[in-house]
Amino acid sequence: MDMKEKKTGKGNNFPTNCREVQQMKDMEINEKIRYFRKQRGLSQELLAERTGINVNTIRKYEIGIRKPKVEQLKKIADGLEISVIEFLDIEIENEADLIAMLKKISPFFKWDGLLHVLGGGKVFMIGVGSALISLFLVLVCYSLTLTAKRADENLLMICEQNQKIEEEKGKQEMESKRDILRVIEKEIKKGSAPVAFAGLGFSEECYHLVDSQAKMNQLLDYFFRNEEYAALADRQVKSNIYAEMGKKLNFRSARSDRDRKNMEVAAKRWIKKKHPTFDGDVYVENIRCFLDISQEELEKRKCTVNEQDTTALIFSQKHLEALYLQCLMHRRNAMQEVLELKGLSETCNRIYKLQDVDVLFQCLLMDQMDWEEGKLYVQFSTVYLLLSLRNK
């Protein structure tokens, strides 16, 4: 599949976090070629076209079964719009390191013409020219190394700051969880249904490929209970919580039939903005959100509707929003408890681990409660866009 080339600037080839800085230091040349190519958003075919090197040769370079010669490495660096020095393992602490660096980079520069001009055909002048060039290289490379070291130190300092910010976010998330539990307890005391979040349930039937725009529209009709699924929109439909995607995540229930339709239009607009191809890059995940309610409370809420015995559970808006937040938080942390789901494909497990995905749509459907082995559950659905497919 032909991929569109991303517009990139010359300054975009540097690692952006502490982990990448360390990974870059440990990489071999073949790994660096693959790393910078993917970061530039280039396929192997596009890189081959840019460099004039056969695509099969590029593949062999990236796998590591062939090592590029000096000329090929220069072409690859030009094709990736980076300095060839990025491919060299250079770290200078003393004069010996500097000499070793000069030996590494010397094959990338040709000085015959300059030596001829300086030497004028005399052996003595050739020696002076070589000395001047060596001195020039030492001064230039040493200054470049100092600049790179300062940049590296600044990057590490930024990484440390980001790490502190992440730790602070973690603390805030823990406090948010406590706040959610406090909200639920308050709402239960006010008379809302005494239902608490009891976990998420994954299975082999969780993931489904969305292979066309028509199928995506049908899914949205189902989630919002519109068009052919309008018959599902009973009084309980107002309990459903829908995420409003955008720069800032917002979520709420629909106030009316018209509001549901307007929310669906907004959801379609957001999905269109993300440019999905529906060529294996869109999946829907339907997982069960289990709710805990005591047998005593169930007995209290038994009633008869249309001559059928049922259970009436009334939720406040705050209680519903708190349950949605709990689903969201536990979904983000699911892979910490179970590293991988057995019986699922590599693609589905990548979605499960939230690797290189973007959220196109999300909702918590409370209007179709059901039971499984004595446990009450509702449906928590998310539509994901696989970003990793765009970088191949």
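**Aromatic rings and their neighbours**

The charged end of Arg288 lies over the ring of Tyr377, 4.2 Å from its centre, where "over" requires NZ of Lys or CZ of Arg within 6 Å of the ring centre and within 35 degrees of the ring normal. The model is predicted, so local features need pLDDT of at least 70 and side-chain atom pairs count only at pLDDT 80 or more, while totals for chains, interfaces and linings use all residues. Residues are numbered from 1 along each chain as its sequence is written, and side-chain values use heavy atoms, with hydrogens and water left out.

**Exercise 1.** Classify the pair formed by Phe202 and Tyr352.

*Solution.* Rings of Phe, Tyr and Trp (its six-membered ring) pair if their centres lie within 6.5 Å, and planes under 30 degrees apart count as stacked, over 60 as edge-to-face and the rest as tilted. By this rule there are ten aromatic pairs. For Phe202 and Tyr352 the centres are 5.2 Å apart and the planes make 85 degrees, which is edge-to-face.

**Exercise 2.** State whether Phe202 is buried, partly exposed or exposed, and do likewise for Tyr352.

*Solution.* Buried means under 20% relative accessible area, exposed over 50%, and partly exposed in between (1.4 Å probe, protein chains only). Phe202, at 24%, is therefore partly exposed, whereas Tyr352, at 1%, is buried.
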